[in-house]
Amino acid sequence: MSAILMTLVDGSAYSESLCRYAAWIASRTGAQVQLYHVLDPRHALGKRDLSGSIALGARTDLLEKLSALDEQHGKLAQAQGRAILDDAKALIEAQGVTDVVTRLRYDDIVATVTAKERDADMILIGKRGEAAGLDNPHLGSNFERIVRACDKPVFVANRSFRAVSRILIAYDGGASSMKAVEYVARDPLFTGLDVVVATVGGESSDARHTDLDEAGATLTAYGHKAETRVLQGQPSTALGEFVERDGIDLLVMGAYGHSRIRTLVIGSTTTEMIRTCKVPVVLMR
């Protein structure tokens with residue numbers, strides 16, 4: 001059975017890049033791309049309960065007009081959703097990927113991911129949704145909810161697609177970063193790509209150097225051209241500058257740090273890297 005890429009598309013400026021990355025991943029792994037567009041269930045045709053408006057003194061004819069508007073709104077939202085899915089499918093197929101299916105759902109987006117991720121190998125989302133706007137420096141409102149809910153790797157697409165040849169694994173010695181090394185070493189998605197494993201810390205940390213060397217050895221054992229680096233400075237700044245300076249095309253990192261408290265939210269370094277980096281990020285649990 002082929003792998004499955006659960007890809008969440010909307011009308012945002014990130015969806016085109018997201019589809020191009022989905023096509024890139026599918027072409028390297030042979031995965032099926034499953035495109036999802038999730039509509040607010042309140043937009044389902046005839047689903048909104050307006051009976052409470054009677055208590056405000058609304059007349060029956062006004063309620064009928066509101067119901068008609070709701071139904072029209074629902075039809076338009078549904079048509080827009082199908083158009084988004086059709087355009088996304090056409091874009092991916094134009095990249096040579098033929099195994100693409102579409103799904104239109106009325107549901108909470110996190111509930112959709114939770115219900116469907118079991119069969120998926122990776123979840124793909126844009127960094128920001130259509131409601132965020134291009135000038136908004138913050139991540140999308142559903143972003144952290146989805147990452148917290150997922151057990152699978154989450155691919156976060158940046159605004160513009162570019163071919164990937166060199167990747168960086170941000171390594172802090174935690175369980176999720178060690179999992180990231182194993183994932184990159186074994187998964188066919190990363191075959192033939194140059195890999196840098198970098199940590200941020202003092203030069204005197206022998207344990208950190210040993211861990212880093214073991215990570216590099218794991219990658220080399222699976223045929224990767226790997227190198228290791230110890231960077232200095234504040235983690236998000238040092239890693240961000242390295243991404244820009246050394247031609248990194250993709251960042252792989254754990255979603256959380258060491259602290260158990262951070263298992264409840266995305267780590268601060270992770271959030272800052274996703275927010276500021278101009279390359280896609282793969283998050284590992």
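This is a predicted model: local features need pLDDT of at least 70, side-chain atom pairs count only at pLDDT 80 or more; totals for chains, interfaces and linings use all residues.
User: Helix 3 (residues 109–116) lies across strand 1, strand 2 (32–39) and strand 3; at what angle does helix 3 run to strand 1?
Analyst: Residues are numbered from 1 along each chain as its sequence is written, and side-chain values use heavy atoms, with hydrogens and water left out. Axes are lines fitted to C-alpha atoms, for helices over the stretch in contact, and angles run from 0 to 180 degrees between N-to-C directions. On that scale, helix 3 runs to strand 1 at about 175 degrees.

User: Is Thr-112 buried or exposed?
Analyst: Thr-112 lies in helix 3. Leaving aside neighbours within four places in sequence, Thr-112 is in contact (heavy atoms within 4.5 Å) with Met-6, Tyr-36, Val-38, Arg-105 and Asp-107. The classes are buried under 20% relative accessible area, exposed over 50% and partly exposed in between, with a 1.4 Å probe and protein chains only. The relative accessible area of Thr-112 is 0%, so Thr-112 is buried.

User: How many helices and strands does the protein have?
Analyst: Both are DSSP runs numbered from the N terminus: helices are H or I of at least four residues, and strands are E of at least two. Of the 285 residues, 44% count as buried. The protein has 8 helices and 10 strands.

User: Which strands stand at the edges of the sheet?
Analyst: The sheet is open, with 10 strands in the order 3-2-1-4-5-10-9-6-7-8 and mixed pairing; two strands pair if DSSP finds at least two bridges between them. From one strand to the next, the twist averages 20 degrees. Each edge strand has a single partner strand, so one side of each is left without a neighbour in the sheet; the edges are strand 3 (100–106) and strand 8 (226–231).

User: In strand 4, which residue stands opposite Thr-7?
Analyst: Strand 1 (residues 4–8) pairs with strand 4 (residues 122–126) in the parallel sense, over 3 bridges. The residue opposite Thr-7 is Leu-124.

User: Which residue of strand 10 stands opposite Val-252?
Analyst: Strand 10 (residues 281–284) is covered on both faces, with Val-281 and Leu-283 buried on one side and Val-282 and Met-284 on the other. Strand 5 and strand 10 run antiparallel and are joined by 3 bridges, and Val-154 stands opposite Leu-283 there. Strand 9 (residues 250–254) instead pairs with strand 10 in the parallel sense, over 4 bridges. In strand 10, the residue opposite Val-252 is Val-282.

User: What kind of pair do the rings of Tyr-21 and Phe-155 make?
Analyst: The structure holds 3 aromatic pairs. Rings of Phe, Tyr and Trp (its six-membered ring) pair if their centres lie within 6.5 Å; planes under 30 degrees apart are stacked, over 60 edge-to-face and the rest tilted. For Tyr-21 and Phe-155 the centres are 5.3 Å apart and the planes stand at 50 degrees, so the pair is tilted.

User: How many residues apart in sequence are the parts that this pair ties together?
Analyst: Tyr-21 counts as buried at 0% relative accessibility, and Phe-155 counts as buried at 0%. Tyr-21, Phe-155 and Phe-161 form one aromatic cluster. Tyr-21 lies in helix 1 (residues 15–29) and Phe-155 in strand 5 (residues 154–157), so the parts tied together are separated in sequence by 134 residues.

User: Against which elements do the buried residues of helix 7 pack?
Analyst: In helix 7 (residues 235–245), the buried residues are Ser-236, Ala-238, Leu-239, Gly-240, Phe-242 and Val-243. Just after helix 7, Gly-247 takes a positive phi of about 65 degrees. The buried residues of the helix pack against strand 6 (166–170), strand 7 (194–200), strand 8 and helix 8 (268–276).

User: What separates the C-alpha atoms of Glu-227 and Ala-217?
Analyst: Glu-227 lies in strand 8 and counts as partly exposed at 29% relative accessibility. Not counting residues up to four places away in sequence, Glu-227 touches Arg-166, Val-195, Val-196 and Val-197. Ala-217 is 10 residues from Glu-227 along the chain, and their C-alpha atoms are separated by 9.2 Å.

User: Over which residues is the pLDDT below 50?
Analyst: The protein averages a pLDDT of 85, and 82% of the residues score at least 70. The stretch below 50 has 6 contacts in the model beyond near neighbours in sequence, and covers residues 259–264.

Methods:
pLDDT is the predictor's confidence in each residue, from 0 to 100.
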